[in-house]
Amino acid sequence: GDDEGSAGKTQKEKQLNLLVARRLYILLRQRGYTVYMTRNSDRTLPLETRVKQVRYARADLFVSIHSNAVATASVRGIETFLLTPEGTPSTYGTEDKSAADVGNTFDRENSRLAYEVQKELIRYTRAEDRGIKHANFVVLRDPPCPAVFSATRQAINVDPHAPPPTLAVFPISSQRVTAARQAPPPSLCAAFPSNQQPSAEP
């Protein structure tokens, strides 16, 4: 879309996100999931529209895929965000959240999903574990189902001679992912590649 993100010598941030999302789509389909991608091409899609698509699809899970370009080559790894619970601050915020959002209905499921996704990503990629964090992103706040936001940190705009980031997508265990909802597979999952900032709110 219009927001290309950061650019390295061999790829742009938005291209990396879309490539990872497409590979994840294939892996999930192979494991029996019904998968809807909010976008499967290079086009701009507002965050609110993505949430509407999740509602329309009646998704059981919403997985957002993102990459963060950083200015320090030593900063690497993967982190997974879930919605900030009411009465607590976000990881990068200072004020306690004053009211619950739609997504807080699934606080317990969000925690389990974030834990399983982060654990498997680190186990299969052997990337640095940057932990599980809380945020009030639109794509975590408004979906009517458990949602997580996984992000890789790559210094893709630092060294023009460095190789492109390693791409690896973990094989998802349907038993682990669906355990939080106590529902048998296949479950419905919506995934999207994002190069937009999820929201201005921490």
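1. Contact here means heavy atoms within 4.5 Å. Bear in mind that this is a predicted model, where local features need pLDDT of at least 70, side-chain atom pairs count only at pLDDT 80 or more, and totals for chains, interfaces and linings use all residues. Numbering starts from 1 along each chain as its sequence is written, and side-chain values use heavy atoms, with hydrogens and water left out.

2. On the fold, I get 5 helices and 6 strands, in the order α-β-α-β-β-α-β-α-β-α-β from the N terminus. These are DSSP runs numbered from the N terminus (helices: H or I, at least four residues; strands: E, at least two).

3. Surface next. The accessible surface is about 10100 Å², and carbon and sulfur atoms hold 50% of it; areas come from Shrake-Rupley with a 1.4 Å probe, and for residues only the protein chains shown count as cover. Of the 202 residues, 46% are buried, where buried means under 20% relative accessible area, exposed over 50%, and partly exposed in between (1.4 Å probe, protein chains only).

4. Now the cores. A nonpolar core is a set of buried Ala, Val, Leu, Ile, Met, Phe, Trp, Tyr and Cys residues joined through side-chain atoms within 4.5 Å. The largest has 16 residues, and F62, F81, F137, V139, L140 and F149 touch the most other members. Helix 2 (47-57), strand 3, helix 4 (138-141) and strand 5 each give two or more residues to this core. Another core, of 10 residues, lies apart from it and includes L61, I78, L82 and A114.

5. Have a look at T84, in the loop between strand 3 (77-83) and helix 3 (107-125). T84 counts as buried because its relative accessibility is 0%. Its side chain makes a polar contact of 2.8 Å with the side chain of S90. Such a contact is a pair of N or O atoms within 3.5 Å; within protein, one must be able to donate a hydrogen and the other to accept it, and residues adjacent in sequence count only if both atoms are side-chain atoms. Leaving aside residues up to four places away in sequence, T84 touches P89, S90, K97, N104, H134, A135 and N136.

6. S150 sits in strand 5 (residues 147-154) and is buried, because its relative accessibility is 10%. Beyond four places in sequence, S150 touches residues including S64, H66, E79 and V117.
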